[in-house]
Structures are given as structure tokens and as C-alpha cells.
Amino acid sequence: MKRTILSLLTGALLASPFAIGQSLPGEQPESAITQSVTGVDLKGKAPVNPETLRVVLPKPQEATLSNGLRVALLEDHKLPMFTLQMSIRGGGLADPPARHGLAMVTAALLREGTKERSSRDIAEQLATLGAVLSASATPSSGETAINVTGLSEHADAIFSLAADVVRHPQFPAQELEKFRTRYLSSLQYQRSLPGFLAREQFMQAVYGDHPGSHVVPPEAALQSLTREDLAAYHDKYYRPNNTILIAHGDLTLKELVAKLERVFGSWPKGEVEAVPLPSLSPPSKARVVLVDRPGSVQASLWVGGLGIERNSDDYFPMLVMNRILGGGPASRLFLNLREDKGYTYGVSSLFTGSTFPGFVAAVTDVRTAVTEGAMHELTAEIRRIGTQPVSAQELQDAKRALVGGFALSLESPQALIGNLLVQKIYGLPSDYWDRYPQRVESITAAEVQRVARKYYDPERLQIVAVGDGASLRKVLAQYGEVENGQAVIAETP
């Protein structure tokens with residue numbers, strides 16, 4: 001494995017850690033690095049080593065427990081540690097219509113007490129074992145993720161504790177109230193931030209009533225949740241035959257299966273129906289939405305539209321296109337808006353995608369006084385990448401950075417687990433990640449232009465701005481009729 005990594009790194013221009021456009025646990029949207037490249041000489045670039053294109057990643061060893069729990073292990077004995085992630089199908093996409101946030105709260109309260117352990121007991125035992133256990137889901141995620149890390153010598157005790165947390169949570173009513181109070185208080189702060197408001201408004205513009213629109217759960221839904229709701233969700237979706245467990249580290253498959261059978265073997269399977277999703281189409285027309293924050297000295301701008309599903313054939317062209325447009329410190333948006341014009345400290349583009357189409361967006365925060373110039377350059381770069389072929393040098397630089405970042409990521413257990421989860425969840429070929437460098441290298445300038453034109457379609461482009469309405473309205477009117485957006489106000493707990 002180490003030899004493979006070294007050969008990958010040889011001659012590659014290494015950029016940001018590899019990131020992919022998902023809403024999966026363990027994965028992040030492709031986004032820009034915000035450090036400055038002022039004064040950097042970009043002339044002398046080393047060529048990509050041919051070995052970069054010949055990658056053979058470690059193959060997982062797999063098994064299925066008697067109750068249907070699927071297990072995969074990436075065995076690695078370099079350190080006496082292990083990391084595992086359980087992915088439970090459902091997530092926020094399985095929330096009932098009036099209960100958005102149910103999966104999120106269920107995951108958040110798993111550690112707050114079981115039949116045998118109090119919340120304090122769980123925290124103290126984890127600390128004594130030197131282990132970490134966390135769980136998360138979002139209102140628009142397709143999975144709930146449970147992450148466990150610890151020393152392999154304590155694996156039996158850690159697995160026993162984790163199994164108790166996963167299988168027997170009690171969801172105490174008082175802990176639910178505490179969580180609700182803390183969360184609503186944090187929402188008050190988040191909604192004071194123009195960037196958060198812009199993201200929320202952008203999701204509503206792109207997704208409408210689709211569950212993908214929920215950045216956070218609606219306050220009314222959160223207020224109505226009961227411990228019985230959480231227990232019912234847990235009973236329905238937290239089933240071994242609805243779960244994938246992927247581990248990495250200092251264990252053999254025989255050891256892992258034996259340990260898991262001891263603590264998870266009696267976990268009863270159940271019938272879990274596939275989560276139905278409403279149909280989703282791109283916005284029918286271009287829109288300009290303004291959320292007024294009177295007196296704001298800053299404007300937050302989001303420009304984009306509906307994107308791709310994770311298993312789309314357009315994924316790799318999108319990956320390269322995004323890198324060139326706004327995926328790093330050598331991207332067009334960064335060099336233009338920050339380095340050349342000085343309009344902002346940071347600007348990026350990103351894309352996501354899961355079991356339903358994600359979104360594409362170019363994002364920045366600028367001073368109110370320079371919003372007109374920033375909007376002009378932002379939209380000009382979006383238009384340019386969709387109408388003019390990128391240069392051979394830009395294309396090669398983007399590929400070099402993506403492959404180099406991928407190489408770096410292979411030293412991270414979390415990245416290896418995340419890659420395998422992507423392959424399992426979306427039914428991708430078993431050699432999908434082995435062929436990642438070749439797939440990146442095969443992308444042409446014509447493909448980059450095609451996906452940019454398709455997904456940043458000017459006829460369907462959604463422009464969202466949050467800032468001082470008196471200053472921004474005339475600027476935004478140059479791009480279409482300005483609609484008044486509605487900032488959601490968090491209720492006081």
C-alpha cells in the first residue's frame with residue numbers, strides 16, 4: 001500500500017485533500033481552498049508520473065452476519081487502531097412529511113442513555129477506553145452515519161458499548177428537551193449569518209418542496225417531535241439488514257466477524273421498505289432572489305442550479321469542470337475575484353449529488369460596495385466556462401491537482417472507508433476507485449464545456465443574494481426581475 005501511495009505522489013502537483021460532491025457521511029463537496037497564492041510562480045509544473053494512472057487500491061474482505069448485517073474490512077496493521085463506520089439506509093430522506101429532522105434528532109440522541117447505561121456512563125466509558133463514538137444524519141441525507149474509532153486492544157469493550165448505543169437507546173424526554181433548546185438557540189445564531197441565509201434560500205429556490213431543500217429542519221417539526229417518534233424511527237430503520245458496516249485497521253476479518261457476532265448477532269432483522277422520493281426537475285426558469293438585511297455591510301451570493309445524481313456519467317466531467325471554475329486557489333473564480341480584483345477573501349464553486357440530483361453553485365461573500373463588480377465577474381466566469389473551451393494547460397493542471405489530492409487521501413482511513421461506502425451505496429463497479437486517475441485523465445475540454453453549459457444553464461440559473469436590499473436591488477435587477485426572499489426566523493426556545 002505504501003509503495004502504491006509513493007508512486008502516486010511522485011511527480012504530481014499536490015493540491016487540496018481529495019473531496020467529492022456528495023451528501024454522504026465522510027464526504028464533502030468539492031470546494032475552494034481559501035489561502036492566498038499571491039506571489040506564487042505557477043510556471044514550473046512537474047509532469048504527472050505515468051505511474052499515477054496505474055492504481056490498485058486495497059481490496060476489502062467481506063462477510064455477512066447471520067442477521068443480514070453486511071461487513072467489509074480494509075485490513076491494516078501499521079497502527080494498533082481501528083476505525084469503523086455504520087451506514088444505516090434511510091437518513092433524513094425517510095422522515096415523514098411533518099417530521100423533518102426526525103432522523104437527525106434520533107442520531108443525535110443515541111448516546112444519551114440506554115437500558116444499561118446513562119449518558120454519563122457512556123461518556124466516561126468512552127473516555128476510559130480512549131474511544132470516539134459519534135452519530136449523525138441531516139434532513140436531506142439518505143443515510144445515518146455512526147462512526148467509531150479506538151485501539152484494537154480494546155475492540156471487544158468498544159464494540160460492546162457501541163452495540164448497546166446503536167441497539168438500545170432510550171431517548172429520555174428530558175434529553176430531547178435539552179437538545180431542542182440547544183438546537184433552536186444555535187439556529188438563532190446561524191440565521192444571523194448572511195451566508196447561512198443565502199444557502200437556505202438557494203436550496204429552496206433549487207428544490208422547492210423536495211426534501212433536498214432542507215438545510216435544517218423546520219422549527220415547527222422540531223418542536224413537535226416526541227421520544228415516541230424517535231423510538232419508532234429507530235425501530236423501523238435501525239436494522240442489521242438495513243446497515244453496512246465498514247472497518248479499517250488492526251483486525252482480521254475472522255476476528256472482526258467474531259466480535260460483531262457477539263454483540264450484534266442477536267440484533268433482529270426487519271422489513272425495511274425503500275424510501276420513495278418525489279420526482280425532481282430543474283427550476284423551470286431563471287430567478288433572482290434577494291433576502292434583505294438592512295444596513296448589512298456584506299453581501300452573500302449563491303449562483304447555480306440543479307446538478308447530478310452521484311452515479312451519473314457526468315460525475316467526472318463535473319469534477320474537472322468544478323476544479324477549473326472554483327475548486328482551488330488556482331481556479332478561475334479565485335484568481336479573478338480575489339487575486340486580481342480583490343473583491344473577496346474567498347470564492348468557490350461546488351457540486352453535490354446523492355440518490356437524488358444535487359446542486360451546482362458558485363459562492364462568495366463580498367463587501368456590499370463591490371457587489372456589482374463581483375456579480376459581473378462571477379456570472380462572466382460561469383458563462384465563459386460554458387461557452388469557450390478551457391485551455392490545455394488549465395485542463396492538465398486541474399487533472400494533476402485532482403489526482404494528486406486523491407493520492408493524498410489514500411493515507412486516511414476515513415477516506416478509504418468513505419470511498420468504499422460510495423461504491424456500495426450507489427452500486428458503482430468494484431474497480432471504480434482503481435480507475436479514478438484514468439477517468440479523470442480521460443476528460444476532454446469539450447466535456448468540461450458541455451457539463452458547464454448544461455448545469456449552469458443561463459435559462460434556469462438561480463441567483464440568491466443576502467444583504468442590504470436598498471444597495472443590492474438595482475445591481476441584481478441587471479440579471480432579472482428581483483423577487484423578495486423570506487428569511488426564516490428561528491423561534492425562541
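**Entry 1: a leucine to start**

In which helix does L102 lie? I found L102 in helix α2, residues 102-108; helices (H or I, at least four residues) and strands (E, at least two) are DSSP runs, numbered from the N terminus. Before going on, I noted that this is a predicted model, where local features need pLDDT of at least 70, side-chain atom pairs count only at pLDDT 80 or more, and totals for chains, interfaces and linings use all residues. Residues are numbered from 1 along each chain as its sequence is written, and side-chain values use heavy atoms, with hydrogens and water left out.

Is L102 buried or exposed? L102 is buried, at a relative accessible area of 4%; buried means under 20% relative accessible area, exposed over 50%, and partly exposed in between (1.4 Å probe, protein chains only). I then listed what L102 touches, leaving out residues up to four places away in sequence: D95, P96, L225, D229, L230 and Y233. A contact here means heavy atoms within 4.5 Å. I also checked G92, which is 10 residues from L102 in sequence and 7.0 Å from it in space, C-alpha to C-alpha.

**Entry 2: the whole chain**

I stepped back and counted 17 helices and 12 strands in the chain. Of its 493 residues, 55% count as buried. Among contacts with a separation of 6 or more, 84% come from residues 24 or more positions apart.

**Entry 3: the six-stranded sheet**

What is the strand order in the open sheet of 6 strands? I read it as β1-β2-β6-β3-β5-β4, with mixed pairing; two strands pair if DSSP finds at least two bridges between them. β1 (61-64) and β4 (132-136) stand at the edges with a single partner strand each, so one side of each has no neighbour in the sheet. From one strand to the next, the twist averages 15 degrees.

Next I followed β3 (residues 81-89). It is joined to β6 (residues 243-249) by 7 bridges, and the two run antiparallel. In β6, Q85 has I246 opposite, and S87 has I244 opposite. β3 also pairs with β5 (residues 143-151) in the antiparallel sense, over 9 bridges, and there T83 has T149 as its bridge partner. Why is β3 largely enclosed by the rest of the structure? Because 7 of its 9 residues are buried.

Axes are lines fitted to C-alpha atoms, for helices over the stretch in contact, and angles run from 0 to 180 degrees between N-to-C directions.

I looked at helix α4 (residues 155-167) too: its axis and that of α9 come within 9 Å and cross at roughly 40 degrees. The two are therefore oblique to each other; angles under 35 degrees count as roughly parallel, over 145 as roughly antiparallel, 65 to 115 as roughly perpendicular and the rest as oblique. Residues of α4 including F159 and A163 meet residues of α9 including L256 and L260.

**Entry 4: the nonpolar cores**

Which residues touch the most other members of the largest nonpolar core? They are V320, M321 and V448, in a core of 64 residues. Helix α10 (residues 315-326) gives the largest share of this core, 8 residues. A nonpolar core is a set of buried Ala, Val, Leu, Ile, Met, Phe, Trp, Tyr and Cys residues joined through side-chain atoms within 4.5 Å.

Leaving out residues up to four places away in sequence, M321 touches I385, V448, V451, A452 and Y456. Another core, of 56 residues, lies apart from this one, with L110, A131, L161 and L256 among them.

I385 and V448 turn up again where helices α12 (residues 371-387) and α16 (residues 445-455) meet. These helices pack at about 130 degrees with their axes 6 Å apart, which makes α12 oblique to α16.

**Entry 5: a covered hairpin strand**

My last stop was β9 (residues 347-353), where 7 of 7 residues are buried. V347, S349, F351 and G353 point one way, while S348, L350 and T352 point the other. A hairpin through 3 residues joins β9 to β10. The two strands run antiparallel, with 6 bridges between β9 and β10 (residues 357-367), and S349 has A362 as its bridge partner in β10.
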